[in-house]
Amino acid sequence: MSKIYNAIFAAGITFVLACLMIGVKLNTEGTTLTVSGASGEQWSWIVGGIVLVFLAQLFADRIDTLFGKLPKPKIGALLPAEEKRATLKPWLLAALIVGLLVWPFMVSRGAVDLATLTLIYIMLGLGLNIVVGLAGLLDLGFVAFYAVGAYTYALLSQYFGLSFWACLPIAAGLAATFGFILGFPVLRLRGDYLAIVTLGFGEIIRILLNNWTALTGGPNGISGIEKPTLFGLEFTRRAKEEGNVPFHEWMGIDYSSSYKVIFLYLIAVILMLFVVYVINRLTRMPIGRAWEALREDEIACRSLGLNRTIIKLSAFTLGASTAGFAGAFFAARQGFISPESFIFIESAIILAIVVLGGMGSQIGVILAAIVMTILPELAREFSEYRMLLFGLLMVVMMRWRPQGLVPMKRPHLELNQ
Amino acid sequence: MTETSLYLIQQLINGLTIGSTYALIAIGYTMVYGIIGMINFAHGEIYMIGSYVTFIVIAGLMSMGLVSLPIVLLIALIIAIITSSTYGWTVERVAYRPLRGSNRLIALISAIGMSIFLQNFVVLSQGSRDVALPPQISGGWTFGDPSVFEVSFSYMQLLIWLATFLTMAGLTLFISKSRMGRACRACSEDLGMTNLLGINTNKIISMTFVIGAALAAIAGLLLGLYYGVVNPFVGFMAGLKAFTAAVLGGIGSIPGAMLGGLILGVTEALTSAYFPSEYKDVVAFSLLVLILLFRPSGLLGKPEVEKV
Amino acid sequence: MKTLKTTLKAVALAVMGTAAMAQADTLKIGIAGPATGPVAQYGDMQKIGAMMAIEQINKAGGVNGMELEGVIYDDACDPKQAVAVANKIVNDGIQHVIGHLCSSSTEPASDIYEEEGVLMITAASTSPTITEKGHQLIFRTIGLDSLQGPFAASYIINSVKPQRMAIIHDKQQYGEGLATSVKNEVEKAGIKPVMFEGVTAGDKDFSALIAKLKKENVDFVYYGGYHPELGLILRQSKEKGFGAKFMGPEGVGNPDISKIAGEASEGLLVTLPQSFDQDPENQKLVAAFKAKGEDPTGPFVFPAYSALQVMTDSMKATGSVSPDELAEYMRGNAFDTTTGKLEFDAKGDLKQFSFVVYNWHADGSKTAVK
């Protein structure tokens with residue numbers, strides 16, 4: 001009996017949710033506001049929804065048992081045994097890297113470009129992963145460091161004509177400095193306070209970039225940012241500077257615009273591999289262990305004599321420098337940047353990538369970045385529903401697999417008995 | 001009075017009005033945080049839905065020929081509270097309850113997802129354009145010498161102040177005196193222990209979301225009438241500001257939310273008054289950073305005791 | 001080294017091979033703009049204008065024996081997505097694009113089109129910087145901010161003659177650019193604005209700003225930006241008893257402003273391109289839009305239509321679809337379109353584009369002032 005009450009209650013709730021917000025439309029006729037009922041079709045959807053909720057609640061246990069009967073796919077079972085994996089790993093990695101490098105020559109330009117964008121998000125995700133996933137510091141303003149990196153390259157290239165390669169370390173360094181300056185005072189704060197302060201910092205950086213028209217061009221942004229060169233070879237149809245030879249002339253082949261896109265992609269791959277390598281090594285070093293230890297139990301860490309300020313700061317600074325890296329590359333790929341590209345929702349997406357992937361897990365973050373950038377592209381046909389589905393996916397993922405796509409595994413050593 | 005002081009009074013009135021509305025929305029954040037320690041990121045969206053429902057009901061009743069403003073507003077308020085509360089309740093049930101007890105971040109991501117979902121749900125169902133309602137309550141008092149500077153204080157502003165004050169007072173009484181309020185406080189002290197003592201904590205948590213959403217609906221009605229415009233994106237910024245206010249005042253503390261809201265509102269108004277107004281948000285967020293540096297738990301927040 | 005070169009060469013040739021396009025009897029035209037996001041309604045104006053043109057051109061027998069087909073791309077007015085869309089368009093082998101809409105999207109996208117040899121005509125992006133880079137294939141069928149600003153300024157100087165003028169903008173590319181241009185022009189004429197300030201786009205509360213304007217005894221405000229903010233500023237000004245005259249660009253000239261501001265929008269001055277839907281010669285077209293249930297009054301509908309006319313007229317005249325040839329023809333000739341006789345200068349901008357000052361009314365209608 002209580003089941004029926006439950007079901008009636010749920011159906012009632014659905015009715016309240018839907019009747020005004022979907023069932024009635026606001027219009028304006030002239031200057032007065034009027035309402036009109038939704039079309040019959042929409043009402044039949046609403047009624048259908050209510051009936052569905054009613055039935056789902058009524059037979060909730062049966063549905064649950066049905067789902068329980070479905071075999072759950074286990075990732076562990078698909079992988080070869082532990083010992084085999086160890087020997088296979090270097091080969092797999094090598095194959096993967098070769099695949100990454102060769103792949104762009106086979107596919108279309110749009111796909112390569114999308115892959116480049118994905119790689120930027122992978123770098124950002126990996127950077128935030130240090131801060132959130134490993135050190136457990138909730139940062140909602142990560143996009144600020146990304147902006148710092150992007151603007152560093154754009155401004156240095158515009159005002160001083162520095163090349164991409166010279167700016168890359170400067171951008172990372174400057175973003176790290178910003179991370180350090182922000183981190184120093186605020187890392188004393190507790191989790192959620194830290195979240196709101198970093199969120200505020202992200203907004204401050206964006207508004208300053210927008211307001212400081214004399215230097216940053218304000219809302220006009222900076223356009224015509226130089227593309228990277230390969231040891232001085234440009235990827236343009238004609239050389240921009242006297243005496244320079246474009247890549248295709250040097251090679252003695254016809255000009256094709258795809259070269260530039262592929263070249264950018266290859267740079268992104270190399271940067272991404274570099275970031276993966278550095279972070280991978282760091283997590284095995286004492287400092288990386290200290291991050292995780294601090295995340296698990298701060299008080300225990302302090303009583304063991306670890307300096308929490310230095311540990312937190314190092315995580316914050318390293319994460320920021322990775323974002324700076326990604327930012328400089330983003331500016332180079334885009335050729336045009338403006339404050340619009342560095343809004344809060346970007347921070348939220350990067351955070352979603354980290355959590356979706358499984359906090360702390362590098363492979364997970366990489367997978368999640370791929371999912372998050374490719375899914376919206378695939379869902380372009382439903383472009384109206386894209387953001388709706390994006391939000392829904394975040395909720396559903398957290399319910400279904402809160403530990404992320406690939407939960408983190410600590411690197412560990414087993415002693416043979 | 002001189003022009004400078006009249007001008008200052010006008011800006012304080014403006015600031016306190018914005019601040020009151022921040023405070024009303026901030027309570028939703030602070031109550032949820034106080035009890036289950038999570039940031040309900042979708043709260044701003046609940047406020048936005050409250051505004052939409054208000055507009056729908058007012059427009060509907062007006063077109064039916066009901067013209068008595070107090071009755072129309074009362075009906076709009078009741079329906080807005082019911083709908084918003086239902087949304088608040090459902091959000092908790094669908095997106096947060098299954099995640100309770102897991103990592104804080106998990107719940108936060110779910111909340112951000114819910115916020116994006118609700119915003120786009122309204123975009124799809126009601127369109128993304130601004131919807132405008134003609135002024136319902138107009139007029140007010142003016143004082144000061146018109147040749148120097150005339151200060152205006154509208155009925156609507158007074159209504160916002162009064163509504164905020166009364167809701168705050170009512171809520172404080174409810175929390176401190178009623179049986180339910182006591183249970184709420186017990187939950188915020190120790191959720192597990194409260195449960196063991198035979199209090200249905202799930203019910204208390206649901207109720208917290210319902211009360212927070214009802215306050216957001218009141219804010220939605222007041223702001224909807226005050227500005228006369230709503231679109232699906234208003235909730236996000238209002239939510240962000242209210243969240244800032246809650247943290248400023250000390251998240252988890254109801255008087256703190258009030259104080260934080262008012263400080264934030266006045267700061268914004270005074271910044272716009274004496275500096276280029278494009279720096280308003282920079283100053284507001286910088287103030288937050290500064291206050292947290294010196295009082296890491298906010299103005300009225302309880303300093304967290306570190307326990308092993 | 002030699003072997004490396006030859007392998008790379010081989011790979012490069014393979015790339016060229018896959019990129020080769022198939023010849024077909026339909027000619028695809030890319031229509032790029034926001035179909036989602038907060039400014040989707042403006043993207044819609046461009047879309048219905050362009051689609052209507054394609055439909056009618058096809059009805060009249062197509063171009064050089066080819067049918068046109070409009071392909072819609074959504075950039076959500078986000079510069080990052082605009083680059084992705086531009087790359088996708090190039091990738092899809094499309095060589096003729098109408099769009100993008102937002103200047104901040106058009107700017108990065110136009111660099112790609114220029115390099116890849118795609119002809120682009122924007123019907124909506126008004127930022128002057130887009131055509132200042134010496135691009136050959138980038139055109140527009142709408143007036144620039146740098147034309148509209150001085151036009152508004154000359155009206156202010158000659159007709160309004162304000163005592164204490166304030167200039168407010170929304171800190172976005174469009175609004176700030178216009179506001180700056182107006183400021184420079186009025187300063188040349190000796191009017192010194194007492195205030196030049198930005199507001200935050202999307203804000204709802206302007207009471208502090210209005211009190212400030214009131215304190216400065218401002219009697220005339222020029223607003224650079226879009227209708228949602230100005231609508232609220234007008235509405236709140238009326239409530240606070242601030243009675244200055246307001247003026248804004250075409251971004252505020254939208255019937256929605258009267259819905260937001262109500263009575264307060266009466267007497268607002270707006271500089272708009274001629275409303276082409278009022279032009280007697282366009283009435284057949286207006287009827288065609290109405291028959292499809294579409295609204296032809298938006299400011300970008302007719303420029304988008306004429307952009308396609310320019311494109312197809314050039315195709316017919318040159319008998320070619322090659323973007324380079326079309327661009328050359330477009331620079332040297334005049335076109336009869338629904339938005340009047342169009343001529344392009346060397347930069348790809350219209351040689352002249354006339355604006356009109358309108359007096360806005362509380363019911364959302366407008367009457368020309370001059």
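Into which domains is chain A divided? Chain A comprises domain 1 (2-62) and domain 2 (92-400), with bounds from an automatic or database domain assignment. Between the centres of domain 1 of chain A and domain 2 of chain A, taken over C-alpha atoms, there are 42 Å.

The model is predicted: local features need pLDDT of at least 70, side-chain atom pairs count only at pLDDT 80 or more, and totals for chains, interfaces and linings use all residues. Residues are numbered from 1 along each chain as its sequence is written, while chains are lettered from A and ligands numbered from 1 in the order in which they are written. The model scores are ipTM 0.87 and pTM 0.85. Chain C has an average pLDDT (the predictor's confidence in each residue, from 0 to 100) of 85. In chain C, 93% of the residues score at least 70. Residues 11-23 of chain C stay under 50. For this stretch the model has eleven contacts beyond four places in sequence; two residues are in contact if their C-beta atoms, placed from the backbone, lie within 7 Å. Where pLDDT is low, the predicted coordinates should not be read in detail.

Chain C is divided into domain 1 (24-142 + 280-343) and domain 2 (146-267). Their C-alpha centres lie 31 Å apart. Six residues from domain 1 of chain C and six residues from domain 2 of chain C form the contact. The domain 1 side has two nonpolar, four polar and no charged residues. Here Ala, Val, Leu, Ile, Met, Phe, Trp, Tyr, Cys and Pro count as nonpolar, Asp, Glu, Lys and Arg as charged, and the others, Gly among them, as polar.

Between chains B and A, 56 residues of chain B are in contact with 48 residues of chain A. Elements giving two or more residues to the chain B side include α2 (43-64), α3 (69-96) and α11 (280-294) of chain B. Helices (H or I, at least four residues) and strands (E, at least two) are DSSP runs, numbered from the N terminus. α4(B) gives the most, with 16 residues. The chain B side divides into 38 nonpolar, 13 polar and five charged residues.

Chain B also meets chain C. B:Ala269, B:Ser272 and B:Ala273 in α10(B) touch C:Ala208, C:Leu209, C:Ala211 and C:Lys212 in α7(C). These residues divide into five nonpolar, one polar and one charged. The axes of α10 (residues 254-274) of chain B and α7 (residues 207-215) of chain C come within 9 Å and cross at roughly 30 degrees. Axes are lines fitted to C-alpha atoms, for helices over the stretch in contact, and angles run from 0 to 180 degrees between N-to-C directions. α10(B) and α7(C) are therefore roughly parallel to each other (angles under 35 degrees).

Notes: Angles under 35 degrees count as roughly parallel, over 145 as roughly antiparallel, 65 to 115 as roughly perpendicular and the rest as oblique.
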